Amino acid sequence: MSQQAGWRSLPKAGVAFRLSTDYKTGDWRALKPVIDYNKCTKCMLCWLFCPDMAIVWDGENVVVNYDYCKGCGICANECPVKAISMVPEF
Amino acid sequence: MTQAVVKPQAPLEKQVMMTVNGDEAVAYAVKQSLVDVVAAYPITPQTIIVEKFSEFVADGEVKTEFVPVESEHSAMSACVGAAAAGARAFTATSSQGLALMVEILYIASALRLPIVMAVVNRALSAPINIHNDHSDAYLMRDSGWIQLFAENVQEAYDTTIQAFKIAEDERVLLPVAVNLDGFFLSHTLENIYMLPDEVVHEFLGGYRKVSKVRVDYFDEEVPLALNPARPLSFGNLDLYDYYFEHKVQQVEAMKSVPEVVREVNEEWFKLTGRRYGDGILDPFEVEDADVVLVGMGSGVGTVRSVVRRLRKEGLKVGLVKLRMFRPFPFKEVAEVLKNAKVVAVMEKGVSPGSYGPLFLEVNTALYDLKSRPALVNYVYGLGGRDLVPDLVEGMIRGLFKELEKGVFEPKLRYLGVRE
Amino acid sequence: MLIEITWYGRGGQGAWTSSNILAMAAALDGKHAQSFPAFGPERSGAPMLAFTRISDEPIEIHSMVYNPDVVIVLDDSLISPKVYAGIKENGVLILNYEGGKESLFKRLGDLPQGVKVYTTPATRLALEILKANITNTAMIGGLMKAWSIVSWGSLEKAVKERFKGAVADKNIDLIRKSHDLTVKVK
Ligand code: SF4
Ligand code: SF4
């Protein structure tokens, strides 16, 4: 974000003037959820529980959108067949 | 109050004379101002405003949504929500109630919400006291609100209506606190002139009009308000990349306030025949005055009556009534005080460990003058202590004596306290 | 001219109400008026003060009244030299009192130069007409005898604005009767 607006041109009142998707919050992550598709039953619970809508349905499988996944681990915790493991990023 | 020279659009015979107290006057002003939402919690001496207004609601005299909240924190929060949704919102409080609101006061101003609040000035605890001083107003001086002070019941009525116009002006978009002294105004009956409803409606241009904003994700300007069809989000997390810019934007908005307050004061004059100096300050006999007093609120009237009397004796004394405390009119204050030999700032508040908050502002205003008047600070009226005219007279005569000697010590003085 | 009035009463006797009625009447006469109580905690029976200012000019002073032109005492038991402290020269003192002059002046002590004194049998008349010891409007009658500061027409209007129906009529009746029975004793 090299060209940031100054106070004269920013919209008033601190309202959000860009979409939140402009902020790739995936880089906040320390642990990364990895899905074992051999175990996954496509029950969609992880999709339901992810607070960041970072689990998406690609038509055939649940996949993690790592641009926005913050690595909270809720999906791994909720998965009934333990198909998701949290692995260190670094 | 200056009497009309030109014929006002709504001359006195078209206005309605009512004998009301300050709180009732504010309630009537709000009733006439097409306010969408009133959220308030009663506290002495503001109570009559809330009581009277809820009567209007119960009797079906207004369409306003009245929210009887459980605390002042909630009152201001409800006003923030209402104003963010585009409503004209009003609340009123005093003292401890205002203290409880403080967190949300800063949010209201930063979100640029043109809320109007009557602050019926009362001392802060402890010791517990229900009577008047300005410590509650001073408590919110850095919160980003415009602060106006009324001298009498008529001015409380006039200023409340004007406040909506000032707050909602496109150049401003900031909340306004209308201050009136507890009991001295809130519970004092005075006869005042009220405008017919439709004149007030016209003055305000009807219901609140929401301004527009341009954001990246809509291809046209959208209303700066919560709206499911054109969603905006208010009160976002704003870190070191933008917070500073947003704060500067809010601070800079204050710069347009004096101009708008002056315009509204003039417009009011043309409409009603009443104006309050230039809207910002109202000088009395200052041109050739050696001793000039500065003050705000109902006490100014008492001081003026003494100044009037002493002028007849030939004492060169003058008075500056300050109507606007935030934004503080530094230039105007310096200009009006530049020829004084000594300036006495009289105020109903203290800042332990410093001088009174009004004194500090006046001191700053005078700093850039080539030749500065001497400056002293009189704290008076704390906790509702009456401002006795004889005391004011003694104070003025004392200042003339000090002027002969040229020594003004100490700077901070108390008027009417027992040793 | 600015006229300043101090009302002495006990909580519940309506000193502030009568002050308000007088202010309303003055306003209806085209004057500027101000009315306020001495803001203490109000307790039934406790002594309390109210103040009225009436003027042809806008009233700018907002302090309590220290040098009244008129002092009105609603309760016989409050009569003492304290009530006329600060009264102006040639001021007027109007007392709810019915009894001997001698004992009255004994209680009042040395009155300042020129002060005029009127007495009104307000308690008796209030009990008779209102069936209650509420002497505030009766004392307005006393004031009207001593100094008709407001017009009768405006006064009646103000009473009717403050009270409804029969209560208003009774109070107007009370004001007139107490006016007639008020006497100048000094
Ligand atoms: S770790 Fe958290 S944020 Fe990431 S996909 Fe799982 S639930 Fe969503
Ligand atoms: S919760 Fe587990 S099993 Fe269910 S869809 Fe997600 S990863 Fe697959």
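1. Basis. The model is predicted, so local features need pLDDT of at least 70 and side-chain atom pairs count only at pLDDT 80 or more, while totals for chains, interfaces and linings use all residues. Residues are numbered from 1 along each chain as its sequence is written, chains are lettered from A and ligands numbered from 1 in the order in which they are written, and side-chain values use heavy atoms, with hydrogens and water left out.

2. Which chains touch. There are 2 pairs of chains in contact, and chains A and B share the most contacts; contact here means heavy atoms within 4.5 Å. Chain A and chain C are not joined by any contact, and their closest C-alpha atoms lie 40 Å apart. Chain B, by comparison, has 23 residues in contact with 19 residues of chain C.

3. Chain A against chain B, area. On this interface 15 residues of chain A are in contact with 22 residues of chain B. The two chains bury about 1800 Å² between them, with 61% of it on carbon and sulfur atoms. Buried area is the accessible area (1.4 Å probe) that two parts lose on being put together, summed over both. Of the area that chain A buries against chain B, A:W7, A:K12 and A:A13 supply 36%, more than any other three residues.

4. The side chains of A:K12 and B:E170 meet in a salt bridge at 4.0 Å, N to O. A:K12 is also one of the three residues named above for buried area. There are 7 residue pairs in polar contact between chain A and chain B, both residues at pLDDT 80 or more. A polar contact is a pair of N or O atoms within 3.5 Å; within protein, one must be able to donate a hydrogen and the other to accept it, and residues adjacent in sequence count only if both atoms are side-chain atoms. The side of chain A that touches chain B has 10 nonpolar, 3 polar and 2 charged residues. In these classes Ala, Val, Leu, Ile, Met, Phe, Trp, Tyr, Cys and Pro count as nonpolar, Asp, Glu, Lys and Arg as charged, and the others, Gly among them, as polar.

5. Chain B against chain C. About 1800 Å² is buried between chain B and chain C, 58% of it on carbon and sulfur atoms. B:L189, B:N191 and B:D386 supply 27% of the area that chain B buries here, more than any other three residues. The interface has 2 salt bridges; in one of them, B:R308 pairs with C:E60, the closest N and O atoms being 2.7 Å apart. On the chain B side, β1 (16-21), β8 (189-194) and α10 (299-312) each supply at least two residues, and α10(B) gives the most, with 5 residues. Helices (H or I, at least four residues) and strands (E, at least two) are DSSP runs, numbered from the N terminus. By class, this side of chain B divides into 8 nonpolar, 10 polar and 5 charged residues.

6. Domains of chain B. Domain 1 covers 12-209 + 256-272 and domain 2 covers 281-415; the bounds come from an automatic or database domain assignment. Their centres, taken over C-alpha atoms, are separated by 27 Å. In contact are 28 residues of domain 1 and 25 residues of domain 2, and the domains bury about 2200 Å² between them, 51% of it on carbon and sulfur atoms. Across this interface the rule finds 7 salt bridges, including B:K321 with B:E155 (2.6 Å, N to O).

7. Ligands. Both shells are drawn from residues with a heavy atom within 4 Å of the ligand. Ligand 1 is surrounded by residues including A:C50, A:C69, A:C72 and A:C75, and its shell has 8 nonpolar, 2 polar and 1 charged residues. Around ligand 2 are A:C40, A:C43, A:C46 and A:C79, among others; this shell has 10 nonpolar, 1 polar and 1 charged residues.
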